[in-house]
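Subject: Structure for your review

Hello,

Here is the structure we talked about. Please open it alongside the notes that follow.

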Amino acid sequence: MTRVLISIWITILMTKSLDAQTAEDSVKAVVKQLFDGMKNSDAAAIQNTFADSAILQTIAKNKDGKIRIQNEEVIAFANSISKLKKGAADEQIVFESIKIDGPLAIVWAPYKFYYEGNFSHCGVDSFQLVFFDGQWKIQYLIDTRRKQPCQ
């Protein structure tokens, strides 16, 4: 009887571990889909990664050196990327941290952005994703941008 209970307990623990890995892989897949869509200049693929009410922002400095937040509509962003030559927008990220709690996920991803093969800038992407109707969607994306230092 003890062996049966231990086997059941191990199976439950393994299942929980696999669920966490599957959710993390699903979150990563959505983020990768966004950057694949950018690299392929595919507006539909880009838009498909975002929730209907998604917010897209960039932290930048104005001419006076003061921090400001720049807002952009997802559709405007996707359309601007779709006008680029295929392969021109190449954002290379590292999944530094992923946290998941039920239907909420966060991703912290340092990146380097290359335009037509040349380094443009680097920074960090901070994603908030929500699990809607069986799929992860980006609800909020904010990023930083700088020329250096980049790792």
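Predicted model: local features only at pLDDT ≥ 70, side-chain atom pairs only at ≥ 80, totals over all residues.

Salt bridges. The structure has three of them. Lys28 pairs with Glu24 through their side chains, at 4.0 Å from N to O. Both sit in helix H1, four residues apart, which means about one helical turn lies between them. Glu24 is partly exposed as well, at 30% relative accessibility.

Another salt bridge joins Asp90 to Lys39, with the closest N and O atoms 3.8 Å apart. This pair links distant parts of the chain, 51 residues apart: Asp90 belongs to strand E3 and Lys39 to helix H1. Asp90 is buried at 17%, while Lys39 is partly exposed at 38%.

Asp143 and Arg145 also form a salt bridge, at 3.0 Å between the closest N and O atoms. Here Asp143 is buried at 7% and Arg145 is partly exposed at 45%.

Core. The largest nonpolar core has 27 residues, and Leu34, Phe50, Phe127 and Leu129 touch the most other members. Helix H1 gives the largest share, six residues. Beyond its sequence neighbours up to four places away, Phe127 touches residues including Val31, Leu34, Ile106 and Tyr140.

Cys122. This residue is in strand E6 and is buried, at 1% relative accessible area. Its C-alpha atom is 6.1 Å from that of Lys147, 25 residues apart along the chain.

Regards

How values were computed. Residues numbered from 1 in each chain as written. Heavy atoms only, no water. Core = buried A, V, L, I, M, F, W, Y, C linked by side-chain atoms within 4.5 Å. Buried < 20%, exposed > 50% of the residue type's maximum accessible area, 1.4 Å probe, protein only. Helix = DSSP H or I, 4+ residues; strand = E, 2+ residues; numbered from the N terminus. Contact = heavy atoms within 4.5 Å.
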